[in-house]
2 protein chains.
Amino acid sequence: MDEFALIDAIVAALGGAAAGDGIVLGPGDDGAIATVPADCELVSSIDTFVVGVHFPAGAPGEHVGHRVLGASVSDLAAMGATPLHALVAVTLERDRERWVLDLARGLASAARACGIAIVGGNLARGPLDITVSVHGIAPRGSALRRSGARVGDRIFVSGNIGAAGAALAELGSAPPPIATLAKARPGDACYDLARYYLPQPQIRLGIALRGIASAAIDVSDGLVADLGHVCRASRVGARIDLERVPLAPGAVLEQAVAAGDDYELLFTAPHGAERLLAGFDVTEIGEVVAGSSVALLRGGRPTDIAAAGFRHFD
Amino acid sequence: MDEFALIDAIVAALGGAAAGDGIVLGPGDDGAIATVPADCELVSSIDTFVVGVHFPAGAPGEHVGHRVLGASVSDLAAMGATPLHALVAVTLERDRERWVLDLARGLASAARACGIAIVGGNLARGPLDITVSVHGIAPRGSALRRSGARVGDRIFVSGNIGAAGAALAELGSAPPPIATLAKARPGDACYDLARYYLPQPQIRLGIALRGIASAAIDVSDGLVADLGHVCRASRVGARIDLERVPLAPGAVLEQAVAAGDDYELLFTAPHGAERLLAGFDVTEIGEVVAGSSVALLRGGRPTDIAAAGFRHFD
């Protein structure tokens, strides 16, 4: 297919997902145009997903679209930002042209679910990878950062962790359809794959944490690794009570705290702050302490389980 | 090098280019934070550059940094936007770690020249490519689009064209240092390579064209191909007088009108509008007509020179 015909087909596949509140001009020009409310700041992030590294070569385009969009928007959730728009750059081989239309349908479906518009993109010829640039808004001064954790703050995580990591062992075969994955509940046979392919960015929780959380991050590299990022940015240490970590059904603790891809929110807040989060599924798992390391306690005693987290370059 | 150490080294190489007017928070968190003035709209674009397609495998990182940043910001110039910030995602092989620090230095130098801050990015392991997401601001309703050309408008192009395309034949050997290229003038031996590696986004001209140009685009796919994009978006045709096209020294007309990468601005405006652009190097080259095709005239008669422009997928 000719490049411009393929772009037209991709934009058609995006449908209504290419428009939205605040979007003045969508795909098709040198740039997209959007409005940012006067009392808000712009929050921006970018992520790349490489075939064979961040998704399997045999994964359907629709599944990959859901995964890359959800994972990217999770960075906005971690900042407490309301999603505004996304740009998607795809580098692909010639034989991926049908696949990229499925990708667009997955992107569009995930974007509608997140309330983010896909307003532009780029196609290039080369080894398959997908880069998603996401942008959101937050009232001036309210965006959450990694750097505000204070000694004595409690450490919380949303939802459960370990399922997406457990799914890595199942990526060799064709996944169930999106409609099946979307209905999966904890304990279902395909729950792990649902967590891997359909990340649920915690947008509502992130917004609720404005003014409450002292620091926040999403669990993408692994619970321990991401807590390490918060500690480094905040110049503090942390103590995690492993018994309190909310595990996904069937997850193994040692793997769960090291595995990434859950896209839950990990945040710190003063003692008692959880009372302000009624209706959200959050669990207190530890405390911010002086120092610079993350201690994992079992029965109140330090353990030495290895939990380095996902290291992109090893 | 460890991923996080490499990121630290890259951020150090960016230096002051990671900050700027309107930047509240730069690299290091889940997202960057910026302010958009209340009377402005946000303009956003994304581009990917693949090794062996958009730059040679042997090109120094510093040169590639200049090229990808300048070419990306050119989309903001074509929209009449003032640059605000950029996010840069790099996918690279392990043996490119020293190279990527040179890339960061080139990006930083080009970013300072453009007045754009590099506020975030992503590193992934895989075949080398670079994706740049750029964002700028323009007073509400003033951004230039491709879609406003009207029959009778005149067609203009800035600067000269054909040099970057002529450089393609010279990409096999190591280029002169950036400092040498930066001093190249039309007619110098390395002028073509300077145009290829150091695109000069026409930011000032784009801003000056607000309220004057009826449509605008940057010359990235080739003069004829990009004019075709304007015609398609505006539902008009165009007539170009080939004798009036401002060629770079030594450029061959047939190649020049088909070659991309010059990153000049191509725009339409009502007759006489060029009087409002005193001090800018712009040349009237044709007229917007009814229809849907781009006619190339020589001595007032149609020619049939092939000028399809750069087609990313052929």
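How many bridges join strand E9 (residues 237-241) of chain A to strand E12 (residues 294-298) of chain A, and do these strands run parallel or antiparallel? I found four bridges, and the two strands run parallel. I took strands (E, at least two residues) and helices (H or I, at least four residues) as DSSP runs, numbered from the N terminus. I counted two strands as paired if DSSP finds at least two bridges between them.

**Conventions.** I worked on a predicted model, in which local features need pLDDT of at least 70, side-chain atom pairs count only at pLDDT 80 or more, and totals for chains, interfaces and linings use all residues. Residues are numbered from 1 along each chain as its sequence is written, while chains are lettered from A and ligands numbered from 1 in the order in which they are written.

**Strands of chain A.** I noted that A:Asp241 stands opposite A:Leu297 in E12(A). I then followed E12(A) to strand E13 (residues 301-302), with which it pairs in the antiparallel sense over two bridges. Here A:Arg298 stands opposite A:Arg301. Two residues lie between the strands of this hairpin, and A:Gly299 takes a positive phi near 60°.

I next looked up strand E8 (residues 215-218) of chain A, which four bridges join to the antiparallel strand E10 (residues 265-269). The bridge partner of A:Ala215 in E10(A) is A:Thr268. In a regular strand, side chains alternate between the two faces of the sheet. Both faces of E8(A) are covered, with A:Ala215 and A:Ile217 buried on one side and A:Ala216 and A:Asp218 buried on the other.

**Helix H8 of chain B.** I checked helix H8 (residues 223-234) of chain B, whose 12 residues reach 16 Å from first C-alpha to last, close to the 16 Å expected at 1.5 Å a residue. The expected span is 1.5 Å times one less than the number of residues. H8(B) is largely enclosed by the rest of the structure, because 10 of its 12 residues are buried. Among them are B:Asp226, B:His229 and B:Cys231. Their cover includes strands E7 (154-158) and E8 (215-218) of chain B. B:Arg235 follows the helix with a positive phi, near 55°.

**Domains of chain A.** I recorded domain 1 (3-139) and domain 2 (154-302), with bounds from an automatic or database domain assignment. Their C-alpha centres lie 25 Å apart.

How values were computed:
Buried ≥ 20, exposed ≤ 12 C-beta atoms within 10 Å, placed from the backbone. Contact = placed C-beta atoms within 7 Å.
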